[in-house]
Amino acid sequence: MPTLLVLLMVSSVFTADPSAATEEFGIDEKAVSYSGFQVWSITVRSNGEHKLLRQIIEQYGVERTKTDKAAITELLVAPQVQRVLKVKLTEADISYGIKINDLHTVIDNGNEKHNMSSLNTKTGHSMDWTKYHRLADIYGYLNYLASTYPSRVELINIGTSYEKRPLYVVRIFNRSSSVVKPAVWIDGGIHAREWISPALATYIIRQLVEVPANEALLCNVDWFIMPVMNPDGYEYSHAFNRLWRKTRSVTSWTSCRGVDPNRNFGYKWGGLGTSTNPCSDVYKGTRAFSEPETFATSNFIKGKASSIKLYLTLHSYGQAALIPWGYNVVYPSDYSDMLELAKSAVSKFTKYRYRVGNAAAIYYPAAGGSDDWAKSIGIKYSYTFELSDTGAYGFLLPASNILPVCQDFFPALDVFAAKVATMKV
């Protein structure tokens with residue numbers, strides 16, 4: 001039975017917040033408030049109960065944003081429908097509990113209050129891993145690394161987003177060697193609200209560049225890391241709507257912006273788990289690679305496909321290492337190789353327990369994903385890692401968890417690098 005994190009988007013409950021965000025973005029838009037929203041946890045005990053719950057969800061216009069094959073459903077419930085949903089669930093004999101009493105409080109307490117971090121004169125940048133940073137801090141750090149460590153860092157602008165923000169990839173390598181090496185690709189921030197993803201990607205960059213103990217990871221492998229693939233959505237999630245997921249492109253419905261970039265890649269595009277509705281969180285776009293972000297990223301990776309041997313995309317949440325294919329419960333011919341490497345990497349985690357398996361089998365079919373596409377162009381090892389947690393906070397993982405998640409994950413890169421180093425370019 002599926003696990004659902006379901007988001008009820010009721011525009012009438014969004015309260016005006018004349019914050020600095022409106023001035024900063026230069027647009028007349030009010031920030032979304034989730035004051036009074038609750039997260040309910042529901043245990044579905046049978047197919048009949050699942051059907052009844054689905055009918056209740058559809059009746060009240062609830063949009064599901066997270067599904068897996070367990071028996072727990074989570075609903076994000078707006079204040080004005082809480083009473084009627086309690087009645088409906090009670091009548092259907094479906095038990096529920098309130099997991100989060102006020103989502104606004106969780107959002108408010110989840111990150112240190114700041115619009116722009118001040119420059120640390122000792123380090124030359126504003127980055128740390130005790131809070132979630134805005135894009136300017138992240139890009140400032142990347143530029144700092146490129147200027148400070150020119151022998152091992154190349155900052156590559158591969159294009160621009162819909163709102164004309166640069167799309168940066170960091171190449172980390174040993175410039176003293178002219179040999180073309182096999183490479184690892186890592187990306188974060190495909191989905192805007194998954195803030196732990198860019199945090200981990202930038203942590204990995206720091207460890208590879210600034211920590212001498214990790215220099216061995218550069219001996220036989222090059223690294224391409226794109227910490228924020230969806231910069232427009234990421235900034236929007238900071239300034240206006242903490243739970244924003246998609247890009248920010250204009251669609252055929254002016255009131256519904258954005259495409260799900262992880263339904264926009266060109267392998268099995270438009271299949272299961274996608275939508276033609278521009279208002280859906282899994283809207284696939286008008287065509288594969290319709291978004292400048294996915295188009296630029298795919299072009300860059302294709303240009304390096306002969307050397308990139310492992311593709312790793314960071315998401316949240318659920319604590320799972322997901323293996324293609326994701327478009328349906330179908331297994332590649334070399335699935336056993338992929339499974340063995342993933343299990344070996346996950347064995348390095350000591351704090352968090354991860355499931356490992358086929359993406360569609362563990363969660364749900366979702367066509368047009370970046371990991372499926374990477375596998376389809378010949379990158380043997382392609383994985384999605386759904387980071388912490390398993391649902392206590394979900395997308396709203398508090399900043400106090402950043403370092404524990406990052407420190408627990410990094411040792412897995414030893415396993416990936418060791419495997420990639422044995423592969424021929």
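**Cysteine exercises**

**Exercise 1.** Determine whether C279 counts as buried, partly exposed or exposed.

*Solution.* The relative accessibility of C279 is 28%. Buried means under 20% relative accessible area, exposed over 50%, and partly exposed in between (1.4 Å probe, protein chains only). C279 therefore counts as partly exposed.

The model is a predicted one, in which local features need pLDDT of at least 70 and side-chain atom pairs count only at pLDDT 80 or more, whereas totals for chains, interfaces and linings use all residues. Residues are numbered from 1 along each chain as its sequence is written, and side-chain values use heavy atoms, with hydrogens and water left out.

**Exercise 2.** State which cysteines form a disulfide, and explain what the pair ties together.

*Solution.* A disulfide is a pair of cysteine sulfur atoms within 2.5 Å. The sulfur atoms of C256 and C279 are 1.9 Å apart, and these residues form a disulfide; the structure holds one. Both C256 and C279 lie in the loop between α7 (231-239) and α8 (292-303), so the pair ties together parts that are 23 residues apart in sequence. Helices are DSSP runs (H or I, at least four residues), numbered from the N terminus.

**Exercise 3.** Which handedness does the disulfide of C256 and C279 have?

*Solution.* The torsion about its S-S bond is about 80°, so the disulfide is right-handed.

How values were computed:
Helix = DSSP H or I, 4+ residues; strand = E, 2+ residues; numbered from the N terminus.
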